[in-house]
Amino acid sequence: MKLLVIGGGGREHALAWRLAQSPRVQTVYVAPGNGGTALADNMQNLEISATDELIAFARQEKIAFTVVGPEAPLAAGVVDAFRNAGLKIFGPTRAAAQLESSKDYAKAFMVRHQIPTAAYQTFTDPALAKAYITGQGAPIVVKADGLAAGKGVVVAMDLAQAHEAIDMMLGDGSFGEAGARVVVEEFLSGEEASFIVMCDGQHVLTLATSQDHKRLQDNDQGPNTGGMGAYSPAPVITPALHNRIMREVINPTLAGMAKDGNPYTGFLYAGLMIGDGPDATRSLKVLEFNCRMGDPETQPIMMRIKNDLTEVFELALNGNLDQANIDWDRRTALGVVIAAHNYPGTPRTGDVIHGLPDDTPDCVIFHAGTRLDGDELKTSGGRVLCVTALGDSVKRAQATAYAAVAQTRFDGRQYRSDIGWRALPGGSA
């Protein structure tokens, strides 16, 4: 069969890589793909992005099914368009994707359906937002309402920083339409975890747990990013907590979406903040919903899947996800993101990448911001690569990943040296 993956980041490379492992697959087309998917034997990049062109290609090539990676096409209604054309595609409709494309929609939805989340208010007026922030005090969180590529969240530790975030989002227009409204919410402390499931409108299949590292620098310092690394499984999510998350978050979300007339299909990602204490009484709140798999969480999760993922997608697309099963590698998978100079600001691009080690069964390098320029591989975005390794322990997965990171060189590269630190004895790197 031939498959299509929409997107060009590390998440899409990892999805395409895992799908391409299937003996049933001839080619995975990736639109637009990146330098890594261009180099792969059984992947092919497509330089098209318009929905009507993708539909025409899927028809012409008899694509068995399409998987959508990033949020922007989902928010634009690519799933609705493919379905209307009679084509199989995995993802939420435009209406259902509002869980991610509008923070205000998501917060109102959670309050309406009694899903635990931080207290909040939504503003379009900078003065009212600042007055509310001053009344609440710091630390406090300011979020752009719309899609902002993982960078529309400011965790302000003092009032000046919070007011500056309001000016940036509502004032100077640097966030465009995404910042036309802001959500201001209470600061939550605890340990973050990513809980990702597949949905077919009625049934749910949980994926392996994972934990992202949002801050740019070691010890969770520096600015927020789209994610500097991840590992799976996340020890913070015990079996008891897993059951609570399904009962208090996932099941009510799917029931609420169906009740609201937007049955949910596709990946659903709940970003959670988990407080301290016994599992039965630990505070559990939703920080955000994403209507896709996380990046870089996808890379470790895909490394741990052992069975044919195409069969899982087919069951999901036919509404039979209750019959699906994923065989997980018991080992830890850990991914380290190597980012470009000046990320998460405006990253420098065009730096030549040297020393990229060959993939092995236990270590795969997933590309994100790369492109082929003749025979040279160059940087083309903020997060350039995610070096992902399997190991019998977090420590061993770390050692394998960082050995490959050390070989990979380009001017201005930056990465964290402590990915997985929370899962180590004593919780230190």
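This is a predicted model: local features need pLDDT of at least 70, side-chain atom pairs count only at pLDDT 80 or more; totals for chains, interfaces and linings use all residues.
Local features need pLDDT of at least 70, side-chain atom pairs count only at pLDDT 80 or more, and totals for chains, interfaces and linings use all residues. Residues are numbered from 1 along each chain as its sequence is written, and side-chain values use heavy atoms, without hydrogens and water.

**Helix pair**
- Helix 8 (residues 126-136) and helix 9 (residues 159-171) pack at about 160 degrees, with axes 10 Å apart. Helices are DSSP runs of H or I with at least four residues, and strands are runs of E with at least two, numbered from the N terminus.
- Helix 8 is therefore roughly antiparallel to helix 9 (an angle over 145 degrees). Angles run from 0 to 180 degrees between N-to-C directions, and axes are lines fitted to C-alpha atoms, for helices over the stretch in contact.
- In helix 8, Pro 126, Ala 129, Lys 130, Ile 133 and Thr 134 meet residues of helix 9, including Leu 159, His 163 and Asp 167. Contact means heavy atoms within 4.5 Å.

- Four strands form an open sheet in the order 6-9-7-8, with antiparallel pairing. Strands pair if DSSP finds at least two bridges between them.
- Strand 6 (120-123) and strand 8 (153-156) are the edges; each pairs on one side only.
- Strand 7 (residues 140-144) pairs with strand 9 (residues 182-186) over five bridges. Lys 143 has Val 183 in strand 9 as its bridge partner.

**Helices on the sheet**
- Helix 8 touches strand 6, strand 7 and strand 9.
- Helix 9 touches strand 6, strand 7, strand 8 and strand 9. The direction of helix 9 makes about 5 degrees with that of strand 7.

Methods:
Angles under 35 degrees count as roughly parallel, over 145 as roughly antiparallel, 65 to 115 as roughly perpendicular and the rest as oblique.
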